[in-house]
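Please walk through this model with me, from its loops to its helices and then to one of its pockets.

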Amino acid sequence: MALTPTDITLMARALRLAERGLYTTTPNPRVGCVLSRDGRVIAEGWHRRAGGAHAEINALQNAGTAAAGATAYVTLEPCSHSGKTGPCSEALIRAGVARVVYAMEDPNPAVSGAGLERLRGAGIAVAGPLLEDSARDLNPGFVKRMERGLPYVCCKLAMSLDGRTAMASGESKWVTGPKARSDVQRLRARSCAVVTGIGTVAGDDAALTVRAKELNIADAETVAARQPLRVVVDSTLRLSPQAKVLQGPGKVLIAAAQAQRAEELEASGAEIALFERRGEGIDLRALLAELARRQCNEVLVEAGATLAGAFLRQGLLDELIVYMAPKLLGSAARPLFELPLESMAAQLPLRISDIRAVGQDWRITAKPDPEG
């Protein structure tokens with residue numbers, strides 16, 4: 001059966017539903033589901049949080065017996081395996097739906113396509129993919145972790161109009177305004193882990209937590225209750241046991257290259273993970289692989305020029321979000337990245353995907369462009 005304009009409209013609705021789980025579903029994907037008959041919505045649902053019912057189950061429960069003979073629009077292939085909940089493909093079969101339209105297949109190579117085959121085997125018409133790019137964009141971390149074994153890595157930076165992040169002394173409060181800082185809180189809230197360097201922690205003594213009062217979103221307290229893992233890259237374990245990053249709610253991982261002082265920091269509540277050295281720091285790719293093993297989908301890097309530059313030079317960043325303030329800090333102030341480039345041929349091209357005002361500042365979203 002060919003896809004129709006109504007199919008597109010209802011899948012777009014399912015994608016908007018999936019967005020409601022932006023801050024709460026990790027490590028699971030964000031998924032929405034719409035049940036329809038004759039182009040009319042009869043029920044809908046979305047995955048609200050990990051461990052809870054999946055989108056299809058919520059929609060089916062809302063529909064009751066009306067689900068029989070309906071079309072289900074699902075933003076991700078209905079699962080065929082049992083985890084904390086049963087397989088959604090089986091639930092759709094039991095409910096008697098007549099047709100399933102999906103946005104994208106499950107990116108997990110171990111199960112991709114299995115749910116669709118189970119539906120077809122039960123005599124259910126299956127159509128898709130539909131709006132696949134939008135579905136993948138909704139879950140960049142889950143998709144990358146399933147397909148490549150690494151999380152999606154976004155680097156957040158704040159700078160003046162002349163590209164500076166702090167004065168030469170390290171003073172940086174505040175480069176950007178309150179609305180930009182609230183926007184950063186939402187970036188943290190959707191992330192599974194926030195990575196910073198020992199230099200930033202020592203200089204700013206930031207807690208790197210999600211603070212409900214600054215989120216400016218619905219159900220902020222519930223969102224803030226799921227704190228992302230805070231990761232401090234500290235190859236020689238210089239972190240003070242009194243640092244604010246160790247005092248806030250949630251877990252802290254220190255990525256180091258030696259075990260000296262490990263017991264002292266572990267007594268302060270941190271977990272120590274050892275990695276091979278790379279240059280003057282640690283193997284950052286190995287760190288990201290470890291975070292993926294811990295089911296981290298999206299990782300936010302909030303670091304100074306040295307660590308941010310190392311992520312960029314090693315090709316480990318998927319996205320940059322730069323908040324630009326309408327002010328000048330001067331030529332002696334600190335740069336955005338530590339990038340020892342010496343020729344135009346060595347430049348690192350970017351592709352800007354979005355520019356918008358956030359309060360008095362501008363937010364620029366860009367991605368590395370290897371073909372630029």
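Helices (H or I, at least four residues) and strands (E, at least two) are DSSP runs, numbered from the N terminus. The model is predicted, so local features need pLDDT of at least 70 and side-chain atom pairs count only at pLDDT 80 or more, while totals for chains, interfaces and linings use all residues. Residues are numbered from 1 along each chain as its sequence is written, and side-chain values use heavy atoms, with hydrogens and water left out.

Start with the loops. Asparagine 216 sits in the loop between helix H9 (212–215) and helix H10 (220–225). Its phi is near 60°, a positive value in a residue other than glycine. Proline 27 lies in the loop between helix H1 (5–18) and strand E1 (32–37). Proline 129 belongs to the loop between strand E5 (125–127) and H5.

Now the helix packing. Axes are lines fitted to C-alpha atoms, for helices over the stretch in contact, and angles run from 0 to 180 degrees between N-to-C directions. The axes of H2 (residues 55–63) and H3 (residues 88–95) come within 9 Å and cross at roughly 20°. H2 passes H3 in a left-handed crossing (the near helix is turned anticlockwise from the far one by less than a right angle; clockwise is right-handed). H3 also packs with H4 (residues 114–121) at an angle of about 20°, the axes 9 Å apart. The crossing of H3 and H4 is right-handed.

Last, the second largest pocket. A pocket is an open set of points on a 1 Å grid over the protein atoms alone, where a 1.4 Å probe fits, with protein on both sides within 12 Å along at least five of seven lines; lining residues have an atom within 4 Å of a point. The second largest pocket has a volume of about 1000 Å³ (the space filled by probe spheres set on the points, which are joined across faces, edges and corners). Of its 33 lining residues, Asp137, Pro140, Tyr152, Arg190 and Glu319 are the closest to its centre. H6 gives the most to the lining, with 5 residues. Domain 1 (5–139) and domain 2 (149–368) both contribute to the lining, so the pocket lies between them (the bounds come from an automatic or database domain assignment).
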